[in-house]
Amino acid sequence: MAQLQNDRQQRFSLRIKNATQPDLRKGSGHADRGGIALDRLSPSHRSWLMSRVRGKDTTPELIVRRVLHRLGYRFRLHDPKMRGKPDLVLASRRKIIFVHGCFWHRHAGCKKATLPKSNQVFWQEKFEKNVARDEKIRFDLEAQGWSVLVVWQCETKDPETLERLLGTFLEAPVRAKEKISKRSQI
């Protein structure tokens, strides 16, 4: 009797686990071409993993925010009035900081900027659009008199280097083009 209850309990807990977590088994339910799997993960696990990718409050962004705060700077987050909703806006200094993930924004020469093996045409087009959008946003903001810094995900790993990078950017003198009075903006 105790063995039967134990078996039922194990099956029940297994069903609960499978209902709340995606199937992690290799090759479970995803398409193969000629016996070669297109993805190491099952479609349900890939979907679950991609759903965890955030646009705000990412770990690299939080690291940059902590460093800036420790240096004594105050800033606005994700200003919806500004083109591209910059991650950090230091309005009094006319400075903007974007914190980009190396994979999504294609950091040149970074080992994290890989191309997925499956559906390469889709990913290539997506990445090209991301890079073009980033360049356009940066160009538009600089044309409006803002200084823009892009901090890459891999640059947040070394706190001292990051602190120097941010300090250098924020202490740089304001260019004449950036010295736009608030009255002229109205």
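**Close-up views of an aromatic cluster**

View 1. The charged end of Arg106 is placed over the ring of Phe103, 5.7 Å from the ring centre. Look next at Phe127: Arg106 lies over the face of this ring too, at 3.9 Å from its centre. Please keep in mind that this is a predicted model.

**View 2. Rings joined into a cluster.** Which residues do ring pairs link here? The cluster holds Phe103, Trp104, Phe122, Trp123 and Phe127.

**View 3. Phe103 against Trp104.** Searching the whole structure turns up seven aromatic pairs. One of them joins Phe103 and Trp104: the ring centres are 5.0 Å apart and the planes meet at 85 degrees, so this pair is edge-to-face. Phe103 has a relative accessible area of 21% and is partly exposed. Trp104, with 22% relative accessibility, also counts as partly exposed.

**View 4. Phe122 against Trp123.** Here the ring centres of Phe122 and Trp123 lie 5.2 Å apart, and because their planes are at 75 degrees, the pair is edge-to-face. Is Trp123 buried or exposed? Its relative accessibility is 13%, so Trp123 counts as buried. Phe122, on the other hand, is partly exposed at 41% relative accessibility.

Definitions and conventions:
Residues are numbered from 1 along each chain as its sequence is written. This is a predicted model: local features need pLDDT of at least 70, side-chain atom pairs count only at pLDDT 80 or more; totals for chains, interfaces and linings use all residues. Side-chain values use heavy atoms; hydrogens and water are left out. Rings of Phe, Tyr and Trp (its six-membered ring) pair if their centres lie within 6.5 Å; planes under 30 degrees apart count as stacked, over 60 as edge-to-face and the rest as tilted. Buried means under 20% relative accessible area, exposed over 50%, partly exposed in between (1.4 Å probe, protein chains only). A charge sits over a ring if NZ of Lys or CZ of Arg is within 6 Å of the ring centre and within 35 degrees of the ring normal.
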